[in-house]
Amino acid sequence: MASVLIVAVLVLLNRRTSANPLHAYDRSIRPYGTCKSFDIPIFATADSAVYDIPRVNNDVEATAWAIWDATRTTPHGPDSRLQNTTTSETFKIHAQLCVPKARRPHGDILQLATHGVHYDSRYWDSAYQPEQHSYVDASLKAGYSIFTYDRLGVGQSDHPDAYTVVQGAIELEILRQLTLMARNGSLYDFAKHVQTKNKVQLPAPAKPDKVVHVGHSFGSVLTSSFLANYANLSDGAIITGYLLGLNLASAGSTSWSLEYAATASPPYNRGSGYVVAKKDGIQNVFFGGNMTTAYTPALFEYGNSIKQPVPVGEIASSWRILNNFAPNFTNPIQFVLPEKDFYICRGDCVGLTDATDLRATTYPNASIIEVVIQPNTGHALPLHNNATAGFQLTFDFLKSNGL
């Protein structure tokens, strides 16, 4: 009977999203706020490169790429470049801005959230039991505005060349441009005036009073690099599902269990070089093995249903943004580590770092550093049974630091 109910729930969600499987059903008016989804053009220029990486045009080549990427002698850095280039282009970025009915006492605090690989911005905004698993809804309830977006190459944003365009440096620049727009008010202005099908009215102020950057996994890599390069543009940061160290990605990309996105089941409208995880890969990376208490079959099925392809050039270029040392960042930062995260901690994040270590190695001048463990949780923090407890850890941290 339980399996029948799970299937029924997912069929209902699929019906709501089948017309556009990349987009959750409309939830513009919510119990604690209003959300508006839109596409925004972002012009960005950044250093890029042609990398010496295998081409991927079928399932066999997807597996071969993963083995190549995980091979210990494969170069992952500047030595893998064949040619330096520059990417300069206007990209369509799909985004959602949500504003609360009741704001924080300190004014409008905007969280700018960047998701990781294998998912799009729906990672932050679960359509399955949103009252328990949507970080967006929880943020609105806590009085925060929140901006989420599909990174380049993912979801409803543009899907350019997977080898030469979708790379770490251009994604960092897109994050910078979005932050500048948030801080000067043009992001709110655009969101309020852009025309959408549901004609929702967004009651946003002229601009946020402060901007807090939130990341997950590869989104935390980008956020960390942002703090290292543009510390003056962030009033605080929440780093989830990421810790730079020997255990990070030590399971290797073969654990992703990949297939070629264009011919996957279901297929994705992507070109050469886009790969997508099979169901067991999603379990390996995001959920782990403890379904008994950590997550439910329905959460796992939902997590698999919203997965997204990954462009291989993004992985090849990630060395460019693994520059975490941020001496100019002087604001609060919290690390939220899932206790059972297999991909960043090889299954056990307890005791791997603390505030003293992070201050010595990464954030010497941060006003406060906090490291918290979300118990009995894998890499996909919102899609576990105690997600709301993890959300509250972050809201308590922000509140205690005037955010």
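Reader: Does Cys345 count as buried or exposed?

Author: A residue is called buried under 20% relative accessible area, exposed over 50%, and partly exposed in between, with a 1.4 Å probe and protein chains only. Cys345 has 4% relative accessibility and therefore counts as buried. Cys349 is buried as well, because its relative accessible area is 1%. Please note that this is a predicted model, in which local features need pLDDT of at least 70 and side-chain atom pairs count only at pLDDT 80 or more, while totals for chains, interfaces and linings use all residues. Residues are numbered from 1 along each chain as its sequence is written, and side-chain values use heavy atoms, with hydrogens and water left out.

Reader: How many disulfides does the structure hold?

Author: A disulfide is a pair of cysteine sulfur atoms within 2.5 Å. There are two disulfides here. One joins Cys345 to Cys349, with an S to S distance of 1.9 Å; the torsion about its S-S bond is about 90 degrees, so this disulfide is right-handed. Another joins Cys35 to Cys98, S to S 2.1 Å. Its torsion of about 115 degrees makes the disulfide of Cys35 and Cys98 right-handed.

Reader: Where do Cys35 and Cys98 lie?

Author: Helices (H or I, at least four residues) and strands (E, at least two) are DSSP runs, numbered from the N terminus. Cys35 belongs to strand E2 (residues 33–51) and Cys98 to strand E3 (residues 81–100), so the pair ties together parts that are 63 residues apart in sequence. Both Cys35 and Cys98 are buried.

Reader: In what order do the nine strands form the open sheet?

Author: In general, strands of a sheet pair through backbone hydrogen bonds, either parallel or antiparallel. Two strands are taken to pair if DSSP finds at least two bridges between them. In this open sheet the order is E1-E2-E3-E5-E4-E6-E7-E11-E12, and the pairing is mixed. Strands E1 (29–30) and E12 (369–374) are the edge strands, each pairing on one side only. Strand E3 runs antiparallel to strand E5 (residues 145–149), and four bridges join them. Leu97, for instance, has Phe147 in E5 as its bridge partner.

Reader: How many salt bridges does a search of the whole structure find?

Author: Side chains of opposite charge can pair when their charged atoms come close. A salt bridge is a side-chain nitrogen of Lys or Arg within 4 Å of a carboxyl oxygen of Asp or Glu. The search finds eleven. One of them joins Arg151 and Glu314, whose closest N and O atoms are 2.5 Å apart. Arg151 is in the loop between E5 and H5 and Glu314 is in helix H10 (residues 312–316), so parts 163 residues apart in sequence are tied together. Arg151 is buried, with a relative accessible area of 2%, and Glu314 is buried, with 1%.

Reader: How many residues apart in helix H5 are Glu173 and Arg176?

Author: Glu173 and Arg176 are three residues apart, and are therefore separated by about one helical turn. Their side chains meet in a salt bridge (2.9 Å, N to O). Glu173 is buried, with a relative accessible area of 9%, whereas Arg176 is partly exposed, with 22%.
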